Amino acid sequence: LLFFLFQNNNLKESTQGSDERNIPELSEKQLAHNRKKEAERIRTWNMRISQLKRFKEQHGHINIPSYDARQYEKLRAWISLQRRYYRFKESGAKSSPLTQANIDELSDLGFD
């Protein structure tokens with residue numbers, strides 16, 4: 001019984017005020033996660049926009065046909081996602097990660 005009382009006391013002491021102490025740490029972790037996520041989004045954007053530019057140089061348009069689905073599967077999915085993000089942005093939703101610079105870059109390629 002003494003062992004359990006001692007353990008319970010130690011637990012109370014170790015967790016007292018833990019919420020206040022851990023808030024900055026959690027916030028730092030969240031900020032680091034957000035920075036990593038944003039860096040990944042930018043890396044993916046740069047990779048896919050480069051692929052789209054190459055496709056346009058080769059084919060003269062950016063409408064990837066469905067019969068090339070395997071070859072351009074990820075690019076097609078990315079394009080579909082950008083169209084969805086654009087519609088969200090146009091409707092006034094704040095959930096679109098597209099920036100005006102992204103929209104301008106897509107428009108310059110003839111994106112609709």
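Predicted model: local features only at pLDDT ≥ 70, side-chain atom pairs only at ≥ 80, totals over all residues.
Welcome! The protein chain has four helices and zero strands, and its pattern along the sequence reads α-α-α-α.

**The chain as a whole**

- The protein chain has 112 residues, and 19% of them count as buried.
- Its accessible surface comes to about 8,800 Å², with 53% of that belonging to carbon and sulfur atoms.
- If you take the contacts between residues at least 6 apart in sequence, 51% of them join residues at least 24 apart.

**The largest nonpolar core**

- In soluble globular proteins, nonpolar side chains tend to be buried together.
- Here the largest nonpolar core holds 15 residues, and the members that touch the most others are I49, L52, L75, W78, I79 and L106.
- Two or more core residues come from each of the elements α2 (18-59), α3 (73-90) and α4 (100-108).
- Helix α2 gives the largest share of this core, with four residues.
- Leaving aside residues up to four places away in sequence, I79 touches L52, I62, I64 and F111.

- Side chains of opposite charge can pair when their charged atoms come close.
- Another salt bridge joins the side chains of E105 and K53, at 3.2 Å from N to O. E105 lies in helix α4 and K53 in helix α2, so this pair ties together parts that are 52 residues apart in sequence.
- E105 is partly exposed, with a relative accessible area of 24%, and K53 is partly exposed, with 35%.
- The side chains of R35 and E28 also meet in a salt bridge, at 4.0 Å from N to O. E28 is partly exposed, with a relative accessible area of 47%.

- N102 is found in helix α4.
- N102 counts as buried because its relative accessibility is 7%, and the cut-off for buried is under 20%.
- Not counting residues up to four places away in sequence, N102 touches R41, W45 and P97.

Definitions and conventions:
Residues numbered from 1 in each chain as written. Heavy atoms only, no water. Core = buried A, V, L, I, M, F, W, Y, C linked by side-chain atoms within 4.5 Å. Buried < 20%, exposed > 50% of the residue type's maximum accessible area, 1.4 Å probe, protein only. Contact = heavy atoms within 4.5 Å. Areas by Shrake-Rupley, 256 points an atom, 1.4 Å probe, with all protein chains shown as cover.
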